[in-house]
Amino acid sequence: MLHFSIIVNGFDHSSISKTPPSSKFFEPYRVYITNFDIPFVIYQCDIPSPGLLLPGNTFTWKFHRNLFETNRYHCWFSQLQSTTLKKIELNVFDKEVAMMCGRNLFHMNRCYWLLTQSGMYFSKHNETFQNGADDNWRFMYGWN
């Protein structure tokens with residue numbers, strides 16, 4: 001079972017959706033996607049329906065890795081800068097991202113994505129973002 005949460009102004013809007021069978025032998029992963037400073041971001045992921053993230057909003061879900069570790073979650077993000085539509089498309093979770101998040105079998109593994117005016121940053125720790133001036137967040141993708 002896959003659990004989704006959209007946190008808006010501190011209120012958790014949760015829903016539950018089914019996903020392919022997963023192994024209970026592995027501790028779950030949780031993916032967080034947060035809009036840091038963009039007036040609005042439209043997103044579409046493999047799961048659930050499209051949504052809108054305002055500054056400070058977080059979209060999150062958790063899941064168990066399947067037995068063959070083939071879980072993959074793909075997302076598209078769009079924003080309007082002046083009169084130009086900017087996009088980022090990426091796997092927010094796959095084998096490579098799992099390695100960055102951690103592979104602890106006994107504790108929750110967390111993957112943090114941060115959407116900013118300059119692009120997307122990744123961290124395995126929920127540290128304060130210093131506009132790329134620290135080692136906690138790694139710049140991963142720019143807007144196209």
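Student: Let's start with W113: buried or exposed?

Tutor: W113 is buried, with a relative accessible area of 1%. Keep in mind that this is a predicted model.

Student: OK, zooming out. How many helices and strands does the protein chain have?

Tutor: One helix and eleven strands. Reading from the N terminus, the order is β-β-β-β-β-β-β-β-α-β-β-β.

Student: And what share of the 144 residues is buried?

Tutor: For the protein chain, 43% count as buried. As for contacts with a separation of 6 or more, 56% come from residues 24 or more positions apart.

Student: Back to rings. How many aromatic pairs turn up in the whole structure?

Tutor: A search finds 14 of them. Take Y43 and F59: their ring centres are 4.7 Å apart and the planes sit at 25 degrees, so that pair is stacked.

Student: Where do Y43 and F59 lie?

Tutor: Y43 is in strand 4 and F59 in strand 6, residues 58–63, so the pair ties together parts 16 residues apart in sequence. Both Y43 and F59 are buried.

Student: What about the rings of W113 and F122, how are they arranged?

Tutor: That pair is edge-to-face, because the planes are at 65 degrees, with the centres 5.2 Å apart. F122 counts as buried too, at 5% relative accessibility.

Student: Which residues do ring pairs link into a cluster?

Tutor: Y29, Y43, F59, W61, F63, Y73 and F93. So Y43 and F59, the stacked pair, both belong to that cluster.

Student: Which residues make the nonpolar surface patch?

Tutor: F40, I42, L52, L54, L80 and L85, covering about 530 Å². I42 lies in strand 4, residues 41–45, which also holds Y43.

Student: How accessible is I42?

Tutor: I42 is at 43% relative accessibility, so it counts as partly exposed. The cut-off for exposed is over 50%.

Student: Last one, the backbone. What's the phi of S82?

Tutor: S82 has a positive phi of about 60 degrees, although it isn't a glycine.

Student: Where is S82 placed?

Tutor: In the loop between strand 7 (73–81) and strand 8 (84–93). At 73% relative accessibility, S82 counts as exposed.

Notes
Residues are numbered from 1 along each chain as its sequence is written. This is a predicted model: local features need pLDDT of at least 70, side-chain atom pairs count only at pLDDT 80 or more; totals for chains, interfaces and linings use all residues. Side-chain values use heavy atoms; hydrogens and water are left out. Helices (H or I, at least four residues) and strands (E, at least two) are DSSP runs, numbered from the N terminus. Buried means under 20% relative accessible area, exposed over 50%, partly exposed in between (1.4 Å probe, protein chains only). Contact means heavy atoms within 4.5 Å. Patches are made of residues with over 30% relative accessible area and no salt bridge: like charges are joined within 9 Å, nonpolar side chains (Val, Leu, Ile, Met, Phe, Trp, Tyr) within 5 Å. Accessible areas come from the Shrake-Rupley method with a 1.4 Å probe; for residues, only the protein chains shown count as cover. A salt bridge is a side-chain nitrogen of Lys or Arg within 4 Å of a carboxyl oxygen of Asp or Glu. Rings of Phe, Tyr and Trp (its six-membered ring) pair if their centres lie within 6.5 Å; planes under 30 degrees apart count as stacked, over 60 as edge-to-face and the rest as tilted.
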